[in-house]
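Please work through the exercises below with the model open beside the text.

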2 protein chains.
Amino acid sequence: MSAQERKVRDRAQRERSIVAAARQLAESDGWEAVTTRRLAERIEYSQPVLYSHFAGKDAIVAAVALEGFAELAQALAQPAAADPRAAAADSRAVVANPKTVVADPSAVVADPKAVVTDPRAAVADSRAVADPKSSAANPKSSAANLRSSVADPRAAVATVARRYLKFAEANPALYDAMFNLHTDLPFGRADTPAPLRAAFAAIQDVLAPVAGGRDSAVLAELTWSALHGIATLSRDGRLPPEYATERIDALVDLVTGQ
Amino acid sequence: MSAQERKVRDRAQRERSIVAAARQLAESDGWEAVTTRRLAERIEYSQPVLYSHFAGKDAIVAAVALEGFAELAQALAQPAAADPRAAAADSRAVVANPKTVVADPSAVVADPKAVVTDPRAAVADSRAVADPKSSAANPKSSAANLRSSVADPRAAVATVARRYLKFAEANPALYDAMFNLHTDLPFGRADTPAPLRAAFAAIQDVLAPVAGGRDSAVLAELTWSALHGIATLSRDGRLPPEYATERIDALVDLVTGQ
DNA sequence: ACCGAATTTCTAGCAGTGCTAGGATCGCGG
DNA sequence: CCGCGATCCTAGCACTGCTAGAAATTCGGT
């Protein structure tokens, strides 16, 4: 029985190393350099073993993307520290070397099936709660949430915005897997994986206090769209980098209604 | 001399047909279906002739993208139509079957310069063909209001926003070529092609009146980012379609400082 | 400890991709 | 009409994602 267990453990480990290799290779040489042959070489197996873990290359990309969503959600929901130095530490955590992530299996996991099955994560139709009550309805994300956010909701929005863009900038290939490469991860539906919901919930939570009379879901979608637009457009040099902070400030001003 | 001239004319025609074939194929079957062999078959030549016109496949995509920027710029800068019939005709040009485009060179053409200066190649103002429901829900967006967009800066912003998203929705593959596929078109630099500037200028122009004390360039970048984010995220179903109009309204509200 | 069975892994190959060298073919000037 | 230069196509390269069937490995039962 121990042998059997070891087998499944080894298999899981190998699967993780595939995802890690894909991510690492993509981050260093771009996604066009991520081929099945190179991946096989990295994990020191032949190509066909990849297909015993994933349905195809797209599935591998999707696994990387899911990992990215989990990390993004965690980065956004991270409690805000009072002093800026700790905040800098947070941003460093975002940029964490993929190797480190892989080395710690207890961290965010890659298996999609394991993630989906939690019914409490059904933040899907949180549209019903368009007011600050959504924080109470979702204590998990707001419990450890930004302490200063209660005092200063605007600063909380600014922090989330900065973290989002920092994440996209620090992990361009990962961000590509999440958004640009089409991985057909279900998004607005019932079977939407938890990390995706968590990422959106983190944005929505921080926006609810400043929503006023507006629908916080729409406001969150809009903010997310703006952040995504800024991230992608500035990534390939279509937005001048010198006005980056001005853009963020302007966005926060708009959203918070200043 | 006539023979020589005919040669260069034929070459130009063939180059246009290559771009048109690429666009048509991409729009119908997606960019992954656009291969050099298929393109060669469409234009009824062998593959190597493609490389006598373009440096590679990326250059063909870039040509399509440039065409897209020209059309987008014109669509955004289009004066608000007072006559619904004209607007309807325009919208036909937008969603026009690519086949028609190919068959009729006098229609929306491949040559960017020609497009910019040809008013007949107008792109849609969707307002005229908007469904009654949205008109009823949002009376501000009536055709009558478009006429007063010069007088009403807010309506002008709303019109541009709607046109932008309509364009992205009506030409998904074209929009992909412009943004998602990396064509390394120079953007914020000195050698930025005119169509790209025109597109951004159209956004900035309409935002300047509502900028107030804010930097209109930053505001335009921000608005553009939001529009781009909405366009891309809703394209692969990551934003629920049912709140599309609410999102646009919310964006316009934010930007115009309502 | 052995040996057949079952699982796992690899070798070899398919169809398709972007792209290119070199030979065939065409049209033009003389 | 011919020769020559421009034009075009055939054939092929190195690569891609993916898979069938052979080889190797591990397992369970005696």
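The exercises that follow concern a predicted model, and they go from one chain to the pairing of two chains.

**Exercise 1. Describe the secondary structure and the burial of chain A.**

Begin with the elements: chain A has 15 helices and zero strands. Next take burial, where buried residues account for 42% of the 258 residues in chain A. Finally turn to the contacts between residues at least 6 apart in the sequence of chain A, of which 75% join residues at least 24 apart.

**Exercise 2. Determine how chain A and chain B are related.**

The same surface serves both copies, since 100% of the contact residues of chain A recur in chain B.

**Exercise 3. Work out which elements build the side of chain A that touches chain B, and what classes of residue it has.**

The count comes first: 29 residues of chain A are in contact with 29 residues of chain B. The elements of chain A that give two or more residues to this side are H14 and H15, and the largest share, eleven residues, comes from H14(A). Sorted by class, the side of chain A that touches chain B has 14 nonpolar, eight polar and seven charged residues.

**Exercise 4. Classify the packing of H14(A) against H13(B).**

The two helices pack at an angle of about 100°, and their axes are 7 Å apart. Angles of 65 to 115 degrees count as roughly perpendicular, so H14(A) is roughly perpendicular to H13(B). Among the residues that make the contact are Leu222(A), Ser225(A), His228(A) and Leu233(A) of H14(A), together with Leu222(B), Ser225(B), His228(B) and Leu233(B) of H13(B). By class, the contact of H14(A) with H13(B) has eight nonpolar, eight polar and no charged residues.

**Exercise 5. Characterise helix H14 of chain B and identify what covers its buried residues.**

Start with the geometry: H14 of chain B, residues 244–256, has 13 residues and reaches 18 Å from its first C-alpha to its last, close to the 18 Å expected at 1.5 Å a residue. The buried residues of H14(B) include Arg247(B), Asp249(B), Leu251(B) and Val255(B). Their cover includes helices of both chains, namely H14 and H15 of chain A together with H10, H12 and H13 of chain B. Just after H14(B), Gly257(B) takes a positive phi of about 70°.

How values were computed. Residues are numbered from 1 along each chain as its sequence is written. Chains are lettered from A and ligands numbered from 1 in the order in which they are written. This is a predicted model: local features need pLDDT of at least 70, side-chain atom pairs count only at pLDDT 80 or more; totals for chains, interfaces and linings use all residues. Helices (H or I, at least four residues) and strands (E, at least two) are DSSP runs, numbered from the N terminus. A residue is buried if 20 or more other C-beta atoms lie within 10 Å of its own, exposed if 12 or fewer, and partly exposed in between; C-beta atoms are placed from the backbone. Two residues are in contact if their C-beta atoms, placed from the backbone, lie within 7 Å. The expected span of a helix is 1.5 Å times one less than its number of residues. Copies are superposed by least squares on the C-alpha atoms of residues with pLDDT of at least 70 in both. Axes are lines fitted to C-alpha atoms, for helices over the stretch in contact, and angles run from 0 to 180 degrees between N-to-C directions. Angles under 35 degrees count as roughly parallel, over 145 as roughly antiparallel, 65 to 115 as roughly perpendicular and the rest as oblique. Ala, Val, Leu, Ile, Met, Phe, Trp, Tyr, Cys and Pro count as nonpolar, Asp, Glu, Lys and Arg as charged, and the others, Gly among them, as polar.
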